[in-house]
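This report accompanies the sequence and the structure shown below. It is intended to be read with both at hand.

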Amino acid sequence: MLIVAIFSIFTTNVAYASNDASNDEIAVLGDFDSTEFSYIVVYPENFNARMKLPVVVWSNGTYVPPQSYEDIFSLLAQEGYIVVASTDSLLYDGSVVSGAIDFIIEQNDNPDSPLYRRVDTSRIGAAGHSLGGRSSINAAVKDDRIGVVASIAGSNIESERVELQIPALFFAGENDTVIAPQLWVEPMYDACRGPAVYVLLKNAGHGACFTDPELYAYYISNWFYTWLYEDQELKEIFVPNGNMSNDIRFADYKSKGFASEYVLPQKDSNASLNKSIIIASIILSVGIFASTLIVVLYKLKTRE
């Protein structure tokens with residue numbers, strides 16, 4: 001079961017609510033309509049109390065409330081992440097992301113918080129959509145507590161692009177008329193200095209993450225885990241000839257900065273057939289040689 005909690009900050013006080021949801025429900029704690037500065041936190045309730053969980057700090061698109069991304073939040077939480085998002089949808093300088101990190105660390109240190117000692121403060125990633133993608137990138141440049149980032153249809157300007165050095169995953173939509181991939185997302189990928197992957201989703205508009213949250217949650221979850229935990233096996237998802245590059249839902253795929261050591265062998269549907277042809281050719285050649293040798297020996301013997 002997942003708990004969706006809104007922790008509203010009123011000056012120095014934090015309000016908590018108890019969870020009375022059944023195992024089949026997602027509980028919303030707090031008030032989505034609150035005018036106070038607040039955060040939504042989504043996390044798996046039933047996990048080993050001695051185990052700390054990594055964090056995804058989420059940034060929203062312009063004028064998009066965080067509950068619009070609830071499906072992605074829930075899917076990431078099911079994979080073992082604590083997801084924290086501000087209700088802000090206008091700031092893009094990364095300050096809200098850093099504020100959310102401060103907040104989640106405070107919860108980890110607060111004995112009254114349900115997240116007390118459950119947050120792995122050394123494993124934090126930032127992700128966002130549209131303006132939130134821009135905010136996540138800017139935060140990742142400025143805040144060294146962020147170890148990995150993912151941007152969905154982000155809108156970073158040229159001066160913000162070249163500073164990014166941590167692992168970054170970029171999503172773009174083939175039919176996105178709001179953030180044109182060739183003008184915004186692809187140049188961000190080209191300019192960043194760290195390990196990176198860029199994918200272009202077929203027939204996708206600017207809001208594709210609302211209609212296909214599973215795709216985004218799957219790749220973001222594995223991308224973050226790859227780098228936060230240095231998981232070499234999961235890294236194979238993202239290298240050339242890996243799952244992502246072969247995913248037929250993407251019209252384009254690029255990677256740089258990390259994949260050269262981990263390139264998987266090209267899959268060849270005719271490999272077994274080619275192997276059989278080679279073996280058959282060898283057998284045939286041996287047979288011809290043997291037959292020729294027998295004929296030569298027979299002629300030599302008859303001359304004697």
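The sections below treat the chain as a whole and then a selection of its helices and loops.

## Overall composition

The model described here is predicted. The protein chain contains nine helices and eleven strands. Of its 304 residues, 47% count as buried.

Contacts can also be sorted by separation along the sequence. Among those between residues at least 6 apart in sequence, 69% join residues at least 24 apart.

Helix α2 covers residues 95-109. The helix has 15 residues and spans 21 Å from its first C-alpha to its last, which is close to the 21 Å expected at 1.5 Å a residue. Its buried residues are Val 96, Val 97, Ser 98, Ala 100, Ile 101, Phe 103, Ile 104, Gln 107 and Asn 108.

Ser 113 is located in the loop that connects α2 to β7 (119-129). Its relative accessible area is 5%, so Ser 113 counts as buried, the cut-off being under 20%. The Ser 113 side chain forms a polar contact with the side chain of Gln 107, at 3.2 Å. Gln 107 is itself one of the buried residues of α2.

Leu 91 belongs to the loop between β6 (82-86) and α2. With a relative accessible area of 43%, Leu 91 is partly exposed, because that class lies between the 20% and 50% limits.

When residues up to four places away in sequence are not counted, Leu 91 touches Val 96, Leu 131 and Ser 135. Val 96 is among the buried residues of α2. Leu 91 and Arg 134 are separated by 43 residues in sequence, and their C-alpha atoms are 9.5 Å apart in space.

## Packing of α1 and α7

Two packed helices are described by the angle between their axes and the distance between the axes. Helix α1 (residues 70-78) packs with helix α7 (residues 213-228) at an angle of about 40 degrees, and their axes are 9 Å apart. The two helices are therefore oblique to each other, since an angle must be under 35 degrees to count as roughly parallel and 65 to 115 degrees to count as roughly perpendicular. The crossing of α1 and α7 is right-handed.

On the α1 side, the residues that meet α7 are Asp 71, Ile 72, Leu 75 and Leu 76. Their partners in α7 are Pro 213, Glu 214, Tyr 216, Ala 217, Ile 220 and Ser 221.

Helix α5 comprises residues 181-191, and its buried residues are Pro 181, Val 185, Glu 186, Pro 187, Met 188 and Tyr 189. The elements covering these buried residues include the helices α3 (131-142) and α4 (158-161). The strands β9 (168-173), β10 (196-201) and β11 (250-256) are also included in this cover.

Glu 230 has a positive phi of about 50 degrees although it is not a glycine. This residue lies in the loop between α7 and α8 (232-235). Glu 230 is exposed, because its relative accessible area is 63% and the limit for that class is over 50%.

Asn 241, likewise not a glycine, has a positive phi of about 70 degrees. Asn 241 is placed in the loop between α8 and β11. Its relative accessibility of 17% means that Asn 241 counts as buried.

Notes: Residues are numbered from 1 along each chain as its sequence is written. This is a predicted model: local features need pLDDT of at least 70, side-chain atom pairs count only at pLDDT 80 or more; totals for chains, interfaces and linings use all residues. Side-chain values use heavy atoms; hydrogens and water are left out. Helices (H or I, at least four residues) and strands (E, at least two) are DSSP runs, numbered from the N terminus. Buried means under 20% relative accessible area, exposed over 50%, partly exposed in between (1.4 Å probe, protein chains only). A polar contact is a pair of N or O atoms within 3.5 Å; within protein, one must be able to donate a hydrogen and the other to accept it, and residues adjacent in sequence count only if both atoms are side-chain atoms. The expected span of a helix is 1.5 Å times one less than its number of residues. Axes are lines fitted to C-alpha atoms, for helices over the stretch in contact, and angles run from 0 to 180 degrees between N-to-C directions. Angles under 35 degrees count as roughly parallel, over 145 as roughly antiparallel, 65 to 115 as roughly perpendicular and the rest as oblique. A crossing is left-handed if the near helix is turned anticlockwise from the far one by less than a right angle, and right-handed if clockwise. Contact means heavy atoms within 4.5 Å.
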